[in-house]
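I set aside some time to go through this structure and note what I looked up, entry by entry.

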Amino acid sequence: MKSKDTAISPTRKENYQDWYLEVIKAAGLAENSPTRGSMIIKPWGYSLWENIQSVLDGFFKETGHENAYFPLLIPLRFFQKEAEHVEGFAKECAVVTHHKLEMDDAGKLVPAGPLEELYIIRPTSETIIGDAFSRWVQSYRDLPLLINQWANVMRWEMRPRLFLRTAEFLWQEGHTVHSTSAEAVEETLQMLDIYEKFAKEYLAIPVIKGQKTPDEKFPGADTTYTIEGMMQDGKALQCGTSHFLGQNFAKASEIKFITEEGREEFAWTTSWGVSTRLIGGMIMTHSDDDGLVLPPRIAPVQVVILPMYKNQDDKPRVMEYAQALLQEINSTSYFGGKIRARIDTKEMKGGDKFWNNVKKGIPVRIEIGSREMDQNVLSVGRRDLPARDRLKISKEEFIAQLPQMLEDIHQSIYGKALANLELNTKVIDSFDSFVAYFKDSENSGFASCYGSIESVDQEELQKTLKDLKVSPRCIPLATIEDKGTCIFTGKANQPRIIYARSY
RNA sequence: CGGGGCGUAGCGCAGUCCGGUUAGCGCGCCUGCCUUGGGAGCAGGAGGCCGCAGGUUCGAAUCCCGCCGCCCCGACCA
């Protein structure tokens with residue numbers, strides 16, 4: 001094959017959507033399955049999820065949460081209890097109506113045994129967990145109740161996209177119960193902080209912490225908080241949400257407790273979640289026209305050794321050297337863990353092997369062959385730098401510098417993402433410039449402007465936003481005290497709202 | 001769920017309008033030779049219910065009907 005300018009085609013500039021799908025394919029992260037809207041997560045993609053799980057699970061446990069598991073199927077009557085919740089999710093619920101299959105006359109399997117009690121496949125678990133909580137919570141002594149579940153959920157999406165929006169997806173959902181409103185709000189914000197920390201420190205994704213406007217909040221929540229990231233095409237991606245549910249679900253599920261004073265009161269609940277969408281966000285934030293770029297702290301393999309040998313006679317010597325190098329790397333640490341390294345032993349031509357590992361996004365590549373061995377150096381490539389650049393460095397120096405190199409890569413890709421976010425966030429002062437900002441470009445980015453909650457109910461504004469495909473993403477917590485005149489309604493003393501196109 | 005495009009080998013496609021030998025091509029895969037540090041070359045080989053199911057016909061990848069899936073644009077969303 002002729003050598004190409006970029007390993008991925010089309011490039012981001014040529015067609016961002018197709019580029020995204022190609023990156024996933026080339027890295028072997030996931031593929032479509034025979035089941036509509038549901039993806040097959042391949043080992044390389046799943047190992048990313050495993051790392052996400054293990055880090056977050058640690059954070060959850062450090063903050064006193066325990067894992068539990070609730071059923072996949074939720075009795076329809078439970079789901080019915082919270083009106084707003086129903087309105088939000090009813091349209092995308094898969095329903096289980098039968099409990100067996102029978103062969104018809106034509107020899108085809110058909111559903112039989114209709115269920116008396118219908119079930120939905122959980123789109124989220126507030127209702128069935130709430131039912132359990134109503135029994136678990138009796139007294140103020142049972143509170144707070146801090147539960148998390150790792151699970152799959154299903155939302156029958158009209159337009160699925162790998163990782164970003166699939167009918168079935170993997171996530172964690174935290175569900176907590178508190179005796180006071182203030183404590184529940186505190187929990188909601190604590191978990192939002194954990195998500196922000198995780199996004200920044202592990203996925204190297206800069207995010208804006210904010211509050212959702214009423215039209216964008218979780219159905220049934222009093223307040224929804226979000227972390228919003230900006231992809232390389234300027235679109236927003238909601239990377240995680242944390243909800244203060246008030247007493248809505250407590251009332252729907254009868255979660256009541258006896259206070260110290262002996263009064264019976266409804267409890268206050270929260271829920272919060274992140275999903276496999278994070279993987280999509282990570283891909284879109286960092287990857288380039290040569291494929292996936294993995295943040296070092298979450299990469300399943302942080303360093304890959306590529307043995308290059310001219311012939312089978314040369315192989316033992318190179319492999320032996322590679323093994324020894326692997327041992328040395330494995331005995332070094334980065335960010336609180338042993339450095340994860342492996343040798344790519346696949347029998348492949350040098351060039352193929354090289355580009356495969358580029359496309360997999362492995363942060364550091366080491367090529368060793370007789371050339372390096374004779375000179376007693378390593379050829380080292382960093383995934384955040386052009387693929388063809390190599391650093392010649394002695395083994396000793398490399399081992400000594402490796403932790404810092406991984407750290408540099410993390411900082412470098414985070415820095416690039418942050419620059420993208422900052423460069424493409426514009427302060428907008430008027431309705432006209434708001435419209436112009438989004439009309440001028442498909443890849444506008446974020447508009448930060450004073451907006452009122454009421455403005456979302458204005459029909460004319462609704463239409464304008466719809467035409468521009470723009471929606472309010474959040475009211476950033478960082479600027480929540482910064483008040484001004486709403487550019488849509490003229491109402492004074494309103495907070496800044498981030499508007500953007502989104503995934 | 002509406003509008004548009006598309007389903008042919010693992011991947012990317014031609015052939016479909018206008019039905020007619022044995023369904024092709026490139027990449028990949030296997031074998032051998034030759035190569036070997038930047039996605040090599042030559043030779044040989046394997047691999048297809050032409051998305052699924054009906055229909056029209058002597059004959060269907062090709063025409064008609066239905067269904068399923070994928071991509072794009074709307075409506076909806078983590």
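Which residues line the largest cavity? I began here, keeping in mind that the model is predicted. I found the lining of the largest cavity to consist of Glu126, Ile129, Gly130, Phe133, His175, Thr176, Leu245, Phe249, Ser253, Ile255, Thr269 and Thr270. I then looked up which elements give two or more residues to this lining, and they are helix 5 (126-136), strand 8 (168-178), helix 7 (248-253) and strand 14 (268-275). Of these, helix 5 gives the most, with 4 residues.

**Entry on cavity count and size.** I looked up how many cavities reach 30 Å³ or more, and the count comes to 1. The volume of the largest cavity is about 70 Å³. Sorting its lining by class, I noted 5 nonpolar residues, 6 polar residues and 1 charged residue.

**Entry on the domains.** I looked up how chain A is divided, and wrote down domain 1 as 16-286, domain 2 as 303-405 and domain 3 as 425-500. For domain 2 and domain 3 I also took the separation of their C-alpha centres, which is 49 Å.

**Entry on the surroundings of RNA strand B.** I turned next to the RNA and found that 40 residues surround RNA strand B, the closest being Thr166, Gln238, Gly369, Glu372 and Lys469. Among the atoms of RNA strand B that come within 4 Å of the protein, sugar and phosphate account for 37%. By class, I recorded 8 nonpolar, 13 polar and 19 charged residues in the surface near RNA strand B.

Which elements each supply at least two residues of this surface near RNA strand B? I listed helix 1 (16-27), helix 10 (350-359), strand 19 (364-368) and helix 11 (370-375). The largest share comes from helix 10, which contributes 5 residues.

**Entry on contacts with base nitrogens.** I finished with individual atom pairs between the protein and the bases of RNA strand B. At Thr166, I noted a polar backbone atom 2.5 Å from a base nitrogen of RNA strand B. At Glu367, by contrast, the atom concerned belongs to the side chain, and this polar atom lies 2.7 Å from a base nitrogen of RNA strand B. Lys359 likewise has a polar side-chain atom, 3.1 Å from a base nitrogen of RNA strand B.

How values were computed: Residues are numbered from 1 along each chain as its sequence is written. Chains are lettered from A and ligands numbered from 1 in the order in which they are written. This is a predicted model: local features need pLDDT of at least 70, side-chain atom pairs count only at pLDDT 80 or more; totals for chains, interfaces and linings use all residues. Side-chain values use heavy atoms; hydrogens and water are left out. On a 1 Å grid over the protein atoms alone, a cavity is a set of points where a 1.4 Å probe fits but cannot get out, and a pocket is an open set with protein on both sides within 12 Å along at least five of seven lines; lining residues have an atom within 4 Å of a point. Grid points are joined across faces, edges and corners, and a volume is the space filled by probe spheres set on the points. Ala, Val, Leu, Ile, Met, Phe, Trp, Tyr, Cys and Pro count as nonpolar, Asp, Glu, Lys and Arg as charged, and the others, Gly among them, as polar. A residue is near a molecule or strand if one of its heavy atoms lies within 4 Å of it. A polar contact is a pair of N or O atoms within 3.5 Å; within protein, one must be able to donate a hydrogen and the other to accept it, and residues adjacent in sequence count only if both atoms are side-chain atoms. Domain bounds come from an automatic or database domain assignment.
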